[in-house]
Protein chains: 2
Amino acid sequence: MFQRLSEFYDWYVEHLAAHSYEVTRTRLDRLAGWAVEPDTGNIRHDSGKFFSVQGLGVRTDHGPVEQWTQPIIDQPESGILGILVKRFHGTPHFLMQAKMEPGNINIVQLSPTVQATRSNYRRVHRGRSTPYLEYFTERGRGRVLSDVLQSEQGSWFLHKRNRNMIIEVTGDVPVLPGFCWLTREQLGELLRVDNLVNMDSRTVLAGYPITEIADTRRDDGPVDELFAAITGPTAERAPTRRESAALLSWFTEMKARYELVRWPLPLSAVTGWTSTPEEISHPSGRFFAVIGVDVKAETREVGSWSQPILVPRHRGVVAFLVKWIGGRPHLLARAHTQAGTQDVIELAPTVQCSPDNYTGSLAEHRPAYLDDVLGAEPSRVRFDSVHSEEGGRFYHAENRYLIVEVDGDFADEPAADFTWITAAQLADLARFGNYVNVEARNLLACLLFTDRTVAGTPLPAPVGTTAH
Amino acid sequence: MFQRLSEFYDWYVEHLAAHSYEVTRTRLDRLAGWAVEPDTGNIRHDSGKFFSVQGLGVRTDHGPVEQWTQPIIDQPESGILGILVKRFHGTPHFLMQAKMEPGNINIVQLSPTVQATRSNYRRVHRGRSTPYLEYFTERGRGRVLSDVLQSEQGSWFLHKRNRNMIIEVTGDVPVLPGFCWLTREQLGELLRVDNLVNMDSRTVLAGYPITEIADTRRDDGPVDELFAAITGPTAERAPTRRESAALLSWFTEMKARYELVRWPLPLSAVTGWTSTPEEISHPSGRFFAVIGVDVKAETREVGSWSQPILVPRHRGVVAFLVKWIGGRPHLLARAHTQAGTQDVIELAPTVQCSPDNYTGSLAEHRPAYLDDVLGAEPSRVRFDSVHSEEGGRFYHAENRYLIVEVDGDFADEPAADFTWITAAQLADLARFGNYVNVEARNLLACLLFTDRTVAGTPLPAPVGTTAH
């Protein structure tokens, strides 16, 4: 346990310095253990496990583009993302792990206690066993605070999901090297630091119940009005039945209104994309590319491996607009359809896009409310940090996460496909799979773990240097 | 409104007598408007709308049979099943409709206010418009009590679902011919009558909130202990957060544990089934057949039509075992996987099967707890009625619905894949789609609308005579 965050930083830097990692770009047709299928161009692991890169055709009446094809990562197996919680002197602490992922900015980020694909924990690659896994696979090892199959990036993954779990235990938990206990307040501070708390941690933390926060909050610092209304002692702990019925009805209507049809394609049949041994990419320079990397690490289950990895072309923006309505902060949420969305729509933040994609012929499709987010006065920005998405599948995939409080003049009537909801409603829906998308869950975690509107403390040198 | 049920019966018999219906069996290759595709053997409507009969391959590690192929009804479009509620002198009344469906026992059964596929209400077949539809398609016409996309029979439908809605209104509602207002108590009595309240009504009624029942209950008759604990003034209105977290965790574990893979097949490629112009059937005499019918009706959107329809070979049994645990009745629910289940598992009743299928080579697969249900002492049977499944797709598809209270000696520890849950927990889960299957929702409706353990009043003659 750390009394001060500076102690955590010392631990983190020490951990970084003690290990070596190397990520080198390589050709897609020379990835050890992987093959480009001659017939289809699809990229698969020789074992048939892990994931593959293939093509997808999409048709939908929801959104500006009616039909398209694209490369996508197909990873049908679900893994476990689990965080252990234990109270010390009444204060819940979260067991976090310093973990390397090849695509991470800073290479090592804070990940959940357990972050393992099924192939990982069933040891398909014959690596080391996954520590603490038994807390999440054996029933009755602790109290379940959250356990739900959650979707991940719908533009890049087809039907991917992971089991997100938070288990509170009371017994002794040995702290292995590379692991540490952090409080909610400490995690909240670290969430303000760019590229430190990884996506898997953020999506799991989004499931931490508001009731737990309100019941165990330490009264040792100022809490801003917005965050106090969301997790403070007077916070709304659960939506009313009536509110919940109205929200579910809106969600059902959105789902019934739109159509989403997908069909698998050989990667070679995807139109508008180019495929070379170096990369699969879009000639417009938009969207993303798929490249290959060779990875050497000391602290992973296996010491070295190769893999394809997706590289977004631009930094994204993920933001909730927040407005006080009826004395309570409401988030402006959107019913959103993406290529990989399992069931037509999921609830998304107000804005979720890469603004640089909306140039030239796509300028007319510039998303609603994007200008409200990017043009907000600094005094209205309640949260503003850059985070990386899953470093195991995405290379330097950064999004700027923002929470922007709009003023009373902002229109109460939302645009089509949008609705105002409270944080308690969002948290309630996130207990069920395929309701709240990963971007919205990320922002929810920031809302639940944050008490103050302050700029993030930058990481001390030499952190921030990325291996080549 | 009816003061006594005998008045309802008069109305019902009058409605039956005033209209004529005729259902005649015909060859599958002579169904007007339908074609058997030469390449695949699939049966499709000429418009490409409504539904089709095709083949499906299934592989799963959940259940006794690892892989099989079967015919299945593919109906990707979802419709609306909606019931209007209005309070008269404080008592909620439900607007029900006497509606003919070709597969119904008794031909005419009580259906929801609106029961329409999207093809129906968008008038693909150019029939009459759907009355009362606007209450369900225009927001703000009333208070939403329930609105959820729910699955239907997973053994017979691939991914079929309908939007189940209950809307409470306060303004004037004209009662059209063929429609009537019934109270919860009256519907409860009618649910004890065989083959009268149709499946669409039952699944919608399952969404009626326990809070509404407890708040508006009329204190004018005895309520049995079991039903009082479920919907009476002292009933548990919603599960606790902790109970709900534990149940969701069990559900997630079941979903993560098992695999369900499907692939579409031409009907002609389904193995073990025989296809003739008269019917598609299984030579063992098990499961179901698909036949063709010509239908003439005066009171449907269109006066006559032809269609394929599925005929189950045997009557099924659908039952919950109930046990008092910790002073509250708990239902024994099962995580169940069927060919058409959208997402690996749904919550099913303790037993849901056609016992006659489990003879000969399948005897060893006889479902768990079936003997506890069928062998129960009559004094322990709290509900026992025969109901028809969707008469628009299934011909004389009957299930015996049972609620059986087991005694204190019955093992608390459930078999693998089973869990004890309260009615409040089941109702809470049913607010979300693809959690509670249609058979469990049917029994939930019986639990919510029933006050007394009594035998159903048989329908008066001439009802019970089925058109040929």
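Biologist: Why is T60(A) called buried?

Modeller: Its relative accessibility is 4%, and buried means under 20% relative accessible area, with exposed over 50% and partly exposed in between (1.4 Å probe, protein chains only); T60(A) therefore counts as buried. This is a predicted model in which local features need pLDDT of at least 70 and side-chain atom pairs count only at pLDDT 80 or more, while totals for chains, interfaces and linings use all residues. Residues are numbered from 1 along each chain as its sequence is written, chains are lettered from A and ligands numbered from 1 in the order in which they are written, and side-chain values use heavy atoms, leaving out hydrogens and water.

Biologist: Which residues does T60(A) touch, not counting residues up to four places away in sequence?

Modeller: Among them are W68(A), E259(A) and T337(A), where contact means heavy atoms within 4.5 Å.

Biologist: How do you know that the copies meet through the same surface?

Modeller: Of the interface residues of chain B, 100% are also interface residues in chain A, so the same surface is used by the copies.

Biologist: Why is the aromatic pair of F157(B) and F394(B) called tilted?

Modeller: Rings of Phe, Tyr and Trp (its six-membered ring) pair if their centres lie within 6.5 Å; planes under 30 degrees apart count as stacked, over 60 as edge-to-face and the rest as tilted. The centres of F157(B) and F394(B) are 5.1 Å apart and the planes stand at 55 degrees, giving a tilted pair. The two residues are 237 residues apart. F157(B) is buried at 1% relative accessible area, and F394(B) is buried at 0%.

Biologist: What makes R141(A) a charge over the ring of Y135(A)?

Modeller: The criterion is NZ of Lys or CZ of Arg within 6 Å of the ring centre and within 35 degrees of the ring normal. The charged end of R141(A) sits over the Y135(A) ring, 4.8 Å from its centre.

Note on methods
Helices (H or I, at least four residues) and strands (E, at least two) are DSSP runs, numbered from the N terminus.
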